[in-house]
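Let's take a friendly walk through a protein model. Have the sequence and the 3D view ready, and follow along as we go.

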Amino acid sequence: MDTDTNTDTNTDTNYDTSYDTSYDVVVAGAGPVGLVLASELTLGGARVLVVERLAEVNETIKAGGINSTTAVALYRRGLLPELTQVHEEAMSRFKEFTRAHGGSESASPVPPPRFAGHFSGIMLRADLLDESDPAFAELGPVERVGLVPQAPLERLLGRHADRLGVEVRRQVELTGFDTDEEGVTVHLAPTDGSAPRTVRAGWLVGCDGGRSLVRKLAGFEFPGTAPEITGYQAIADMTGTEPLRGGWNTTDVGTYAYGPMPGRVLTVEFDGPPADRESPVTAEELQASVRRVTGVDVTVHKVRSSTRFTDNCRQADSYRAGRVLLAGDAAHVHSPFGGQGLNLGVGDAMNLGWKLALVVSGRAPVELLDTYTAERHPIGAWVLDWTRAQIAVMRPEPRSRALREVVTDLAGTVDGTTYFVKKISGVWQRYDLPGDHPLTGRSAPDLELADGTHLADHLHTGRALLLDLTDDPKLRARAAGYEGLVDVLTTTCPQHPELTGLLVRPDGITAWAADTDSPEDDPTEALRLWFGAPLGA
């Protein structure tokens, strides 16, 4: 699409046109993606406003965990202790469920060393995972924080954003915007009925979910495949659940999951998308679905938290249209199977935040933003296909059931389990960046340095890091003119004596690496590519 087209989405509403302060970036949506993006922008020096129509964190049951790439990203910002606490609280509830259903705490499954998960409800056995696979090497101490539900994660990210000074306005809804060559005028309506206002910003980022108003008003193309399922996920008070089997199960009608949290149930029926996705899920509606799928006469007394979902799979053709960008579900939607959505969105935010902050500061040209779509769109396209494949394996018809048996057999092998876990955890991801070193384009390893610190300990600031591992003044000199953008650390890495230098982008991706076999390599081109010309050049 034309990324330079101006957009006028104003309506006839009478707005207060005296600008309510100017910002570098307005972020629509204070879910995990919006909060991570706003925090990254703020670390990069941008002035950010986040607007969110909800008054508080949405407690509706959604994502139940994070994968390795998300855990590593938050670890690099110093959030591991808080993540660990959230994980431990979730594990406590999981153990409560296990005891209530005939198990014991000692018999409760221990979280695997790496994120395990499932494929189309086919559970992956942690004992079959080949942990010696190089893809799992040096991720850092994040292997036991996978069970992090979305609502507690949002609260954690909200506290992080607050500490950074991010301005978040709740109960404020974006209703439209006008773009021009200089920026965006954003129209806001407080949900308490007070007068609508406008704010002026250089950029607008839609992190406002799968039915994104920002995406629709900006005119992004959103191609994909139509849904064929109706799914329910809920926390409910139920009786008659004794015959339900814990975990994921297939039946002649569809698929269901029971647990691992008390009262949590999920059903999938292949009867087309729901006619109504807006109204609350009633106890009668959930009960009917559970009975149809499971064949068990469960009685649902009260629905405490619920959501409907489908397998609608769509992706924006580009993640940028002029001064409007998309991230998270606003840029791509798919079924929730495999728990990829939240992780994909956090990856978008980590990739976009530092780049947009650099453009805002004037240190990098606007063309840097082209690399956001170039790097993230292929990852999103892969996730859509990954979820489509799970639907194909889940259908309650003979061909799919035969395929499911084959996939189940493969998943029950060491090679099969390792393949699936690598895909689910995100450790396979690599951006196509210039350079031949095997680390280039990959998430940087959490190197243990000579002083006992790890690489992640030096990334809390959100700045890039040039690691000089041979006390080379010529290498350090390459960072001259990048003060405030690139930190320089001279140390050694005893476990990797072959490495001589590493340039790590703010999102943790290796932009350049050199070792003893390539002493002539230097990071000059990589520095200019990602951070513009040095000051004084």
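Helices (H or I, at least four residues) and strands (E, at least two) are DSSP runs, numbered from the N terminus. Just after helix H12, for instance, Gly532 takes a positive phi of about 75°. The model is a predicted one, where local features need pLDDT of at least 70, side-chain atom pairs count only at pLDDT 80 or more, and totals for chains, interfaces and linings use all residues. Residues are numbered from 1 along each chain as its sequence is written, and side-chain values use heavy atoms, leaving out hydrogens and water.

H12 spans residues 524-531, and its residues Ala526, Leu527, Trp530 and Phe531 are buried. Buried means under 20% relative accessible area, exposed over 50%, and partly exposed in between (1.4 Å probe, protein chains only). These four cover an arc of only 100° around the axis, so they sit on the same side of H12; the arc is that of the directions from the helix axis to the C-beta atoms.

Which residues does Phe531 contact, leaving aside its neighbours within four places in sequence? Among them are Trp354, Leu358, Tyr482 and Val486, where contact means heavy atoms within 4.5 Å.

Phe531 also belongs to the largest nonpolar core, which has 112 residues; Phe531 is one of those that touch the most other members, together with Leu41, Val205, Leu356 and Val486. Helix H7 (residues 341-361) gives the most to this core, with 11 residues. A nonpolar core is a set of buried Ala, Val, Leu, Ile, Met, Phe, Trp, Tyr and Cys residues joined through side-chain atoms within 4.5 Å.

**Salt bridges**

How many salt bridges does a search of the whole structure find? It finds 24, each being a side-chain nitrogen of Lys or Arg within 4 Å of a carboxyl oxygen of Asp or Glu. Here are some of them:

| Pair | Closest N and O atoms |
|---|---|
| Arg163 and Glu82 | 2.9 Å |
| Arg211 and Glu278 | 2.6 Å |
| Arg304 and Asp237 | 2.8 Å |

Arg304 is exposed at 53% relative accessible area, while Asp237 is partly exposed at 28%. Lys355, Glu375, Arg505 and Asp507 are linked in a network of salt bridges.
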